[in-house]
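Please read them with the model open.

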Amino acid sequence: MNFFHLKKTFRLPVTFNWILGGSFVSVLFSILKFFNTEGLEKVSYSELALFFLVNAGTAIPINYQLANGRWNLQKWMKISFYFWHIPMLLFNAWLTVQVPDFLFVMLTALYGSYLAPFGMMERRYFILGALIYSFCLFLFYFTGIAGTSPIRFSDRTLVIFFFIFVLTILLYFYWMSITSGFLKSQSSKVQKLLRSSRKDKRKLSEERKTIEELMTQLNKSFNIIKKDLSTAKRIQKSMLPSGLEKFTDLDIRAEYIPKDEVGGDFYDIIRISDGVYRLFLADATGHGVQGALITMAIKVEYEFLKQSGKRPGEILEILNSDFIEKFKSLNLYYTCILVDLDLNKGVLRYSSAGHPEQILIQNSEFLTLPNMGRMIGLSPASIYKDKILKIHADDRLLLFSDGLFEGSNSKKEFYGEKRLHNLLSNVTEKSSHELVEFILKDIERFADGNRFQDDLTVVSLRITKNSSGG
């Protein structure tokens, strides 16, 4: 090998990317295995060493041929796929089965290996690679030849998880193939434009004008998207109840903070009759536009039911049945809680679906409202029972989405239930408005500048009217 070309080989970003990815996985797992980290018992040092050696041993000779100009890009891409990508796909699938606790690390290494040739590799190589990788996972998981217990087709949960996992990989690789193909085609167009501009300088002004028009269109599209998101934010905000101060026998404050412009939380508060109120809080899976679209569907379904005389559990069963019927092919879910307050009888009746435990404070004593059933959208056979509690004047009810607990700080610590309970023990005399502000400020202090990881909704309610349960 020529030293100059060898040096040039190591300077290629693709060489650095491939060798660094293999080194990272091998060294990381070796260090963790040395310290007896749980989950790495089935993988051996020899397997990790072989993974690195095959990685480097194929990457360097292949990229050397590209560096010295003996191979053109098309030939290099074809040979590198069959002699580098396929072995790495096999090794990655093997280690994924061996170390399931480190699935994220292996997927990161898998996707990272495709970043270097991104925009150059043909679409068929992405699709073929995804199929090979999925077949290897199927072979290793279901036959047990990787030394792990094989998945049985009778274990529906694992089988469903596996196929969802594989489908996600296929969709991601399909998206990468489309994006890479688009970048490749755009790159070819740009190169043609540059070559033609060198031949004929008179076309330079026209090409600049074309680029400026494209940039103008791009900025216009961006502004349209930004405007649409702003409109969607206003629409979603208009879906939420207003004028809560008109409920004179309740002191209510509600605050909704989406992670993005729009989010996947929704709440509703209405007065059924004098002294009788109904509260509903839902948290859709995902956030952003996806979550917002789900909340629109939730609101539409709930609007037909909220004024009915049905008990909370019955309403949740109807919501679950209708949601599955309309969206069962999309695998969408949401958690929720529905609370009926009858101040005349001093009764709180509620039912919930996969929602975190909410809080009822009576005479400084904390009562939790435990979950009463599975998430909406999981199963058409779900049953939601009601639970009834006595309530009195000055009782305080706190409803919230799980974004409250999932706020984290720079140490990766979560806000959590314990911190919330400790905080609430010192605020019994605060109004609902003051309590919500106090909670939000405490979360901000805890997060210390970190962005919220999920949409956040907090509803504080204090009974100001004397009820017959008092």
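1. A definition comes before the sheet: two strands count as paired if DSSP finds at least two bridges between them. Note also that this is a predicted model.

2. On that basis, five strands make up an open sheet, and their order is E1-E10-E9-E6-E7. The pairing is antiparallel. From one strand to the next, the twist averages 15 degrees.

3. Which strands stand at the edges? They are strand E1 (250-257) and strand E7 (365-369). Each has a single partner strand, so one side of each is left without a neighbour in the sheet.

4. The partner of E1 is strand E10 (residues 456-463), and the two pair in the antiparallel sense over eight bridges.

5. Helix H11 (residues 416-424) touches strand E6 (358-362), E7 and strand E9 (396-400). The direction of H11 makes about 25 degrees with that of E6. Helix H12 (residues 432-447) touches E1, E9 and E10, and its direction makes about 150 degrees with that of E10.

6. Turning to the cores, the largest nonpolar core has 52 residues. Phe29, Tyr133, Leu137 and Ile169 are the residues with the most contacts inside it. At least two residues of this core come from each of helix H2 (13-34), helix H3 (45-67), helix H4 (73-98), helix H5 (103-113), helix H6 (123-143) and helix H7 (156-199). H4 gives the most, with 12 residues.

7. Leaving aside residues up to four places away in sequence, Leu137 touches Ala93, Thr96, Val97, Phe162, Phe165 and Ile169. Another core, of 47 residues, lies apart from the largest one. Among its residues are Leu240, Tyr267, Leu281 and Leu389.

8. Asn331 is not a glycine, yet has a positive phi of about 55 degrees. Asn331 sits in the loop between helix H10 (312-327) and strand E4 (334-342). Its relative accessible area is 48%, so Asn331 counts as partly exposed, the cut-off for exposed being over 50%.

9. The other angle belongs to Lys412, also not a glycine, with a positive phi of about 65 degrees. Lys412 lies in the loop between E9 and H11. Is this residue buried or exposed? Lys412 has 69% relative accessibility and therefore counts as exposed.

Notes
Residues are numbered from 1 along each chain as its sequence is written. This is a predicted model: local features need pLDDT of at least 70, side-chain atom pairs count only at pLDDT 80 or more; totals for chains, interfaces and linings use all residues. Side-chain values use heavy atoms; hydrogens and water are left out. A nonpolar core is a set of buried Ala, Val, Leu, Ile, Met, Phe, Trp, Tyr and Cys residues joined through side-chain atoms within 4.5 Å. Buried means under 20% relative accessible area, exposed over 50%, partly exposed in between (1.4 Å probe, protein chains only). Helices (H or I, at least four residues) and strands (E, at least two) are DSSP runs, numbered from the N terminus. Contact means heavy atoms within 4.5 Å. Axes are lines fitted to C-alpha atoms, for helices over the stretch in contact, and angles run from 0 to 180 degrees between N-to-C directions.
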